[in-house]
Amino acid sequence: MRRFISLLILVLSSIQSNAADWPQFKSDAGRTGYTAEPLAKDLNLRWVYHLAHSPSPAWQSEMRMPFDHAHHVTVGEGIVFFGGSADGKVYALDADTGDEKWTFFTNGPVRFAPAYWKGKVYAPSDDGFLYCLNAKDGSLVWKKSGGPNRDMILGNDRMVSHWPVRGAPAILDEVLYFAAGVWPSDGIFIYAIDPETGDTLWVNDDSGGMEMDQPHGGARAKSGVSAQGYLVANRDTLFLPTGRAVPAAFNRDDGSFRYFHLQSNRRLGGSNVLATDDFLMNSGAVFDASGGELRGSLHQTVMAAGPKDLVYSQGRQLAANHLEGLVTEETTADRKGEETTKWVLHKKPFWTMSVPHSGAISLIVAGSEVISGTSAGTVSITDIEANSVVWAEDVEGSPLGLAAADGHLFVSTDKGAIYCYGGSQPDPIIHSKKIAEAPYGENTESVQAAEEILEKTGVAEGYCLDLACGDGALAYELAKRSNLRIYGVDADPERIEQARQKLDAAGLYGTRVTLVHADPKDHPFPDYFANLVVSGRSVDEGVEALPTESDRSQRPYGGIACIGKPGEMKVSERGELAGAGDWTHQYSDPANTICSDDQLVKGPLGMLWFRDADQKMPQRHGRGPAPLFYEGVLLVEGMDTLRGVDAYNGRTLWEYSLPGILKDFNQEHLVGAAATHSNFCVAEGSVYVRQDDHCLRIDLHTGELLDTFTAPTPPDGRRSRTWGYIACQDGTLYGSLADEEHVIKKAYRESFMNDLLSESYFFFAMDSQTGQVEWTFDPKDSIRHNAIAIGNGKVFLIDRPKAREDLAESVAKSRRRGETPTQEEEIESRIHDPGTLYAFEAATGKVLWKEDKDVYGTLLALSPEHDVLLMGYQYTRFKQSSEVGDRMTAYRAEEGTALWDRNIERPMGYGSSSRPIINDRTVYLEPGAFDLLTGEDTGFSMSRSYGCGVITSSESMMLFRSATLGYLDLEADAGTENVGGIRPGCWINAIPAGGLVLMPDASAGCTCSYLNRASIALHQYGER
């Protein structure tokens, strides 16, 4: 053992240090976490620096991307540098005392540690710029934009560039590398620049839109790399962390793409990356650096590498492996004697040592000592030569960041504290920010204005745009009196800088108020985001201070502008967005068209907002209910909650607790809502949610419970009263009583299907405001939820015997159990007798007409505009056995006469069919389409890659899963296009409504390495 320890010390000491600095995250461009410089012999706490705000991580719920969960530090020439993700500042502290030397404001969160090089500091910001600062005084040397323009969007609940610099800088051989952009389809920009001048040496700007294989087998899309993590470089390769996936590799000399093995590593990845000349380590997996082939896994995410050895944590042990011989090529013979060659990762360490603390979350090596931090808040030092733990201290929070320089140890925690340990220090220095009580003095006029604005508008939460914000006095007073998050813009750079200083002194900058220097007439903020628009300058100068009375950023459906001097303020409210459509039911409307009346959603699509997937959702294979949109509110049902979201900025408006509401959908491979239909809908300012035997009426805008309606008792007196189908239109709430004895088969794996009910034995209509029953229908046999369509003052449904072959206890299942059914049983099980198609008057329940000849369908859809009722099947991958799918019939809805009847050539193959979509006069049935009035083929044809789920549509746009999110602009000859880096759910979770494409996260349970897991909103961005 002593020989091995001596060898390890010799190996670890053989690298040359960067003097006493720690100039880059994890020490160097390889992110090795190693320095030959030893720590001081007797470590004592020298100082602690507490920021005013804890870190504000981009992806709080995503453990694969912890890059900004602490304020990681770098050190150069006795100065400690770090960025603030909450306040958007770059900090410089004296390494010995922790005294603040300078700070620098950016226009967005600073999520990564700056890099230090030759007296300069390079800080990346979410505002889209890389800043080069003088290390001594923080003065700006130059700044470089990562994206093509200054456009901003709401990202992770903060205002960020359309292309935030999320590829943190790496410096090697006097070249600096960085990258900008999160969303592949919006463009990813990877740079090599001269760190002295900022001049571009090369730029790779076409790797975001690469067509390539996606994580699922058979999935291919125009979705390339993302930039999320610290860039890593070795002798000839630049590695780009891509978020949740494995890194992509580029040639350092010219930026040309080398490899990105996404599909072959479909469950691997993350932002923790380390590289040596021969190996790439990513979240414990070991790859060949040259070609990117996986060699195996050490199953450890925290490690450090010297020039010859790899040190890592392994439970309650520290361990080390030689890099030489870590992977070898070995030849073996099979049973027939044929030789095969394979690569073998040698996992057995040559050195191990037990430590008293498990769960290491950070690790570096300094000289002959291994420093590690644990999730329990302990930092310890293990002396390799002594083979023992020689020092340990507890810190507040999780010590995610470690750095060593000039004998000092620096520890960063997720609570926002930075600790410095070094030589003797009699009394540790504690630095805490003092909050200025009145940075603007009495500020009488702004106080009066703020109080008047809040009183007149009633808007005290959400996003506020301060156009021509002036010195920030109004923003300050509004922030003190409300929960608004305020973004201001002004053309005067001096006023912006003065305002930042005052707001920062008050502890409000970044977290509550952020100011940008720009012309208010041409500001970079996105459309629609502001719940409130004000103007600081107008308080002094009146409404004339603004070039226009309204602004594109004012939110539709109730966004309010309040501008002017106190006592003379002009208030205006923005109404509904002209041309925007709704999505009020599972399939858009009670008619089941799967097509909203939205006229604004067109391509090309670009990001409007994105945010962390922080609502717990059921398994994506459970096929939960679709999200809904009405009057500016996006409604999303998750596990135990119904959430109302501001569709135009992603902010959560309210949550209503519904314990267990989707527990039956939280299973693997179910038919889910494909069979049950939805359990909620929205109409006339109310959300209706069925649960057990009742329905809740919830206020759309506040989330308050308005009423509870109980399902009526059926004529036969059955005690079973589970509310099944639900819809609402024209003041009438429709429901049914589900047949609890008709339990259908699972899709693939074993699942509990007893509460996922697809048919009902009783139908009713009640007043949507009072719950009074208006009329009922007692069918002869049964009503399938998918065979109900409502519109034009009529209710259409099919009363038909249930299909025995759909049952969980069917003949098919008995065969799988090894039982042998009789021929008679086989024949009987496949019989699905025809039924009767009814048309009722919606107001009274009067039968207007009925058809009992050859009523074969299991699905109804209605075109209210053209008075056509379609009968057919839901022939999708996740269908019931009775969904034959080879026929469709059209009726004149007014009187029930048949218009046409035709065979449907079933498109075969995985995920290649969807429910029929009625878009004006066209019925789209993937991959073709036919005329609604004649049934004749239109010649339309579409294709998409891998994708389960149902296509949704608006007048101009079709949305679907095609590996990633796919879309087809019906007004452009562009074919299937992609929004890259994210996957939709397995039924419906992308809807075109409100002038947007809204896609709340529905990927729960998926471990495949799509680059991002998020809730997003898209809009038309750019030109073709």
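1. Asp597, Glu865, Asp920 and Glu955 form a negative patch. Patch members have over 30% relative accessible area and no salt bridge, and like charges are joined within 9 Å. A salt bridge here is a side-chain nitrogen of Lys or Arg within 4 Å of a carboxyl oxygen of Asp or Glu. Asp and Glu count as negative.

2. A word on the source. This is a predicted model, where local features need pLDDT of at least 70, side-chain atom pairs count only at pLDDT 80 or more, and totals for chains, interfaces and linings use all residues. Residues are numbered from 1 along each chain, and side-chain values use heavy atoms, without hydrogens and water.

3. Asp920 sits in the loop between strands E69 (917-919) and E70 (922-925). Strands are DSSP runs of at least two residues, helices of at least four. Asp920 is partly exposed, at 42% relative accessibility. Buried means under 20%, exposed over 50%, and partly exposed in between, with a 1.4 Å probe and protein chains only.

4. Now look inside. Ala673 is buried, at 0% relative accessible area. Ala673 belongs to helix H6 (residues 673-676). Beyond neighbours within four places in sequence, its contacts include Gln586, Tyr587, Phe665 and Trp987. Contact means heavy atoms within 4.5 Å.

5. Check two cis peptide bonds. One runs from Gly603 to Pro604, with omega near 0 degrees. Another links Glu926 to Pro927, with omega near 5 degrees. Pro927 lies in the loop between E70 and strand E71 (928-931).

6. Check positive phi too. Ser283, not a glycine, has phi near 50 degrees. Ser283 is in the loop between strands E25 (279-282) and E26 (285-288).

Key:
Patch = residues over 30% accessible without salt bridge, like charges linked within 9 Å, V, L, I, M, F, W, Y side chains within 5 Å. Areas by Shrake-Rupley, 256 points an atom, 1.4 Å probe, with all protein chains shown as cover. Charge placed at Lys NZ, Arg CZ, Asp CG, Glu CD.
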